[in-house]
Amino acid sequence: PEVINGRTHRATVVELSPWVEYEFRVVASNSVGIGEPSRPSALLKTKAAAPVVAPTNISGGGGSRSELVITWEPVPEELQNGEGFGYIIMFRPLGSTTWTKAVVASVEVSKYVYRNESITPLSPFEVKVGVYNKEGEGTLSSISIVYSGEDEPQIAPAGTSAQSVSAAEVEVSWQPIAWNRHTGRVLGYEVR
């Protein structure tokens, strides 16, 4: 902190965070050194303000067919700036001009699931997440791309062949399924 003239008995403390409790101490100093600090003041809470920090790590994906799952890293309490804190989720299909807005009125929640039967599997969505409290809305995060949930693969592997290797082994091979919006990501195969 800035050193205050010895004849001054009052100071304004600046750049404090909104809606945080502070206590203050004063120390006297001279050319010899610094003395003992005063007893702490009573706790004083700064006034609330609209939040200014947007959530980070916006991502998501997964979920069931016809779902868009959106996740984010929660904003810490010291950056919420007031009571009534919550999240604003905005999303739209990639290429669309109209945003859909949802509000999550909970501090602890870090996930939102939008369900709609018209969502096709693995559709890309532009997503941004913001914050609000009783004082107003804060900033929104930058746009992230999140894909809707997948459906089970609709195409069977082709080119299946089997070859005897020994009395106890058979080697089975097939052509892999190419990734696209209709087949989804193939995580594995089951040989029957």
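**Salt bridges and surroundings**

Tutor: A search of the whole structure finds 6 salt bridges, a salt bridge being a side-chain nitrogen of Lys or Arg within 4 Å of a carboxyl oxygen of Asp or Glu. This is a predicted model, where local features need pLDDT of at least 70, side-chain atom pairs count only at pLDDT 80 or more, and totals for chains, interfaces and linings use all residues. Residues are numbered from 1 along each chain as its sequence is written, and side-chain values use heavy atoms, with hydrogens and water left out.

Student: Which residue does E83 form a salt bridge with?

Tutor: K134, with the closest N and O atoms 3.9 Å apart. That pair links distant parts of the chain, 51 residues apart: E83 is in the loop between β4 (67–73) and β5 (86–93), and K134 is in the loop between β8 (124–133) and β9 (136–140). Strands here are DSSP runs (E, at least two residues), numbered from the N terminus, as are helices (H or I, at least four).

Student: Is K134 buried or exposed?

Tutor: K134 counts as exposed at 64% relative accessibility, while E83 is partly exposed at 48%. The cut-offs are under 20% relative accessible area for buried, over 50% for exposed, and partly exposed in between (1.4 Å probe, protein chains only).

Student: And what does K101 meet in a salt bridge?

Tutor: The side chain of E137, at 3.5 Å, N to O. K101 lies in strand β6 (residues 100–104) and E137 in strand β9, so the pair ties together parts that are 36 residues apart in sequence. E137 is exposed at 54%, and K101 is partly exposed at 48%.

Student: How far apart are the closest N and O atoms of E190 and R192?

Tutor: 2.8 Å, in another salt bridge. Both E190 and R192 are exposed.

Student: OK, pockets. Which residues lie nearest the centre of the second largest pocket?

Tutor: A156, P157, Y189, E190 and V191, out of 14 lining residues. The pocket's volume is about 230 Å³. On a 1 Å grid over the protein atoms alone, a pocket is an open set of points with protein on both sides within 12 Å along at least five of seven lines, and lining residues have an atom within 4 Å of a point. Grid points are joined across faces, edges and corners, and the volume is the space filled by probe spheres set on the points.

Student: How does its lining split by class?

Tutor: 10 nonpolar, 2 polar and 2 charged residues. Ala, Val, Leu, Ile, Met, Phe, Trp, Tyr, Cys and Pro count as nonpolar, Asp, Glu, Lys and Arg as charged, and the others, Gly among them, as polar.

Student: How far is S110 from A156 in space?

Tutor: 37 Å, C-alpha to C-alpha, and they are 46 residues apart in sequence. S110 is found in the loop between β6 and β7 (111–115), and S110 counts as partly exposed at 27% relative accessibility.

Student: Now the backbone. What's the phi of N57?

Tutor: About 55 degrees, positive although N57 is not a glycine. N57 is found in strand β3 (residues 56–60) and counts as exposed at 54% relative accessibility.

Student: What about phi of S66?

Tutor: Near 70 degrees, again a positive value in a residue other than glycine. S66 sits in the loop between β3 and β4, and S66 is buried, with a relative accessible area of 4%.

How values were computed: On a 1 Å grid over the protein atoms alone, a cavity is a set of points where a 1.4 Å probe fits but cannot get out, and a pocket is an open set with protein on both sides within 12 Å along at least five of seven lines; lining residues have an atom within 4 Å of a point.
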